Amino acid sequence: MKKDLLHTPEGVRDIYSRECAEKKVLESRLHDVCKLYGYNDIQTPSIEFFDVFNKERGSVPSNEMFKLFDRYGNTLVLRPDMTPSIARAAAKYFEDHILPIKLCYVSNTFVNVSKYYQGRLKENTIIGAELIDDDSIDADFEIISMVIDCMKNSGLKEFQVELGNVGFFNGLLDEAGIAGDDYEELLSYLNEKNYIGVEEFLNSLNIDKKIAKVLLELPQLFGSVDVLEKAKSLTSNKESLSAVNRLLHLYELLKIKGYDKYVSFDLGELSNHRYYTGLIFHAFTFGTGEPVVSGGRYDKLLGQFGCDKASIGFSITIDRLMAAISRQNIEIPVDYNGTLIVYTPEKHVEAVKEAEKLRNQGINVCMIRNNENKISEQYEEYAANSQLSDVIYIK
């Protein structure tokens, strides 16, 4: 066998032994939070039609998707983003529902990123939740509360959820008449934190200098709740002011649970996902340079699938969260609760009976034939690596 066949492609990896067990524990902890809030599981296919994620939807850029073709010549993609996939399914199955729909999932996404470095994988396990057909501030509050509870349940002690609202940015751009390619270019500069590029680009446009000044200050509009009052003083645009006031209202609700200590604000917080229409947020912690949680409100996305329902949701990148937890030396306890039975050939029948008795009691049992060349310490190490707490020798 060729040795190169043992390697995985760039950007994907194998997960096994204790790390795999820890990942399952973490997934279960986060999923438990979703269930506690009354969210029901949904699974969507890993392969979807390309049009579900095309530019009109505002999802992942086309050149970052893994594409393939079916026998009929249709362009398919490995699902790069959960939100459009959930939106498609919700529009198909819940169009006639008159009450809010609460869905959660644990799935993998596939993004063909051009830059590969530690912590940025092409295949990621995502856990998330979507609250569909609810445009209220109460829904915003519930989703942010779930994000904070997920972070706490993961074992993290120090983390921050940055809240923004794309309505502030969009209001300014509408007033300035910036749209189309100009919108895309300005958004790109802001997301890249290229503030010189922002200034040069705005100088090249014939727009109101007061609006240009606010847009230039956008990258500095981050910090505590005080920054929201500053933002209100910079503009009289109704959409922008409404976005800031909604953040203030959300902050007051978070104070009820004492969760205000976990949040900060960033009105320059934008996203390459164009489907976001209001609240947008990311959660950060030490040990990773990228957010471990992303989400926001996407009130117009389901309408593109023929089902006009306001929605909001979040997604947690499990692999990124695990890396941060590991670098912070936070232990994820793995339950060791099984038995390894080591038996000699002549005791096989007796070992099978013992294994069946234990399994009927709900105890995990691994059976392995004794090798005279192995010592007891090797079997005990084998048991530990298999998350088994006991070793029984039948000789």
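Guide: Helix H12 (residues 376-385) lies across S13, S14 and S15, running at about 135° to S15. Keep in mind that this is a predicted model.

Visitor: What is the order of the strands in that sheet of three, and is the pairing parallel or antiparallel?

Guide: The order is S14-S13-S15. The pairing is parallel, and the sheet is open.

Visitor: Why do S14 and S15 stand at the edges?

Guide: Strand S14 (364-369) and strand S15 (390-394) each have a single partner strand, so one side of each is left without a neighbour in the sheet. On average, neighbouring strands here are turned by 20° against each other, direction ignored.

Visitor: How do you know that S13 and S15 pair?

Guide: Two strands pair if there are at least two bridges between them. Strand S13 (residues 338-343) and S15 have five bridges, in the parallel sense.

Visitor: Which residues make the contact between H4 and H5?

Guide: H4 brings Phe 169, Asn 170 and Leu 173. H5 brings Tyr 183, Leu 186, Leu 187 and Leu 190. By class, that contact has six nonpolar, one polar and no charged residues.

Visitor: Why is H6 called roughly antiparallel to H7?

Guide: Helix H6 (residues 195-204) and helix H7 (residues 209-217) pack at about 170°, with their axes 10 Å apart. The cut-off is over 145 degrees. The angle passes that cut-off, so H6 is roughly antiparallel to H7.

Visitor: What residues of H6 and H7 meet?

Guide: Val 198, Glu 199 and Leu 202 of H6 meet Ala 212, Leu 215 and Leu 216 of H7. Five residues in this contact of H6 with H7 are nonpolar, none is polar and one is charged.

Visitor: Is Ser 240 buried or exposed, and how do you know?

Guide: Its relative accessible area is 0%. Buried means under 20%. Therefore Ser 240 is buried. Ser 240 lies in helix H9 (residues 238-256). Leaving out residues up to four places away in sequence, Ser 240 touches Gly 167, Phe 168, Gly 171, Leu 172 and Thr 235.

Visitor: How many strands form the open sheet with mixed pairing?

Guide: Nine, in the order S1-S5-S6-S12-S11-S10-S7-S9-S8.

Visitor: What makes S1 and S8 the edge strands?

Guide: Strand S1 (40-41) and strand S8 (222-223) each pair on one side only.

Visitor: How do you know that S6 and S12 pair?

Guide: At least two bridges are needed. Seven join strand S6 (residues 123-132) to strand S12 (residues 311-317). S6 and S12 run antiparallel. Gly 128 stands opposite Ser 315 in S12.

Visitor: Which strands does H3 lie across?

Guide: Helix H3 (residues 137-153) lies across S5, S6, S7, S9, S10, S11 and S12. H3 runs at about 10° to S12.

Key:
Residues are numbered from 1 along each chain as its sequence is written. This is a predicted model: local features need pLDDT of at least 70, side-chain atom pairs count only at pLDDT 80 or more; totals for chains, interfaces and linings use all residues. Side-chain values use heavy atoms; hydrogens and water are left out. Helices (H or I, at least four residues) and strands (E, at least two) are DSSP runs, numbered from the N terminus. Axes are lines fitted to C-alpha atoms, for helices over the stretch in contact, and angles run from 0 to 180 degrees between N-to-C directions. Contact means heavy atoms within 4.5 Å. Ala, Val, Leu, Ile, Met, Phe, Trp, Tyr, Cys and Pro count as nonpolar, Asp, Glu, Lys and Arg as charged, and the others, Gly among them, as polar. Buried means under 20% relative accessible area, exposed over 50%, partly exposed in between (1.4 Å probe, protein chains only). Angles under 35 degrees count as roughly parallel, over 145 as roughly antiparallel, 65 to 115 as roughly perpendicular and the rest as oblique.
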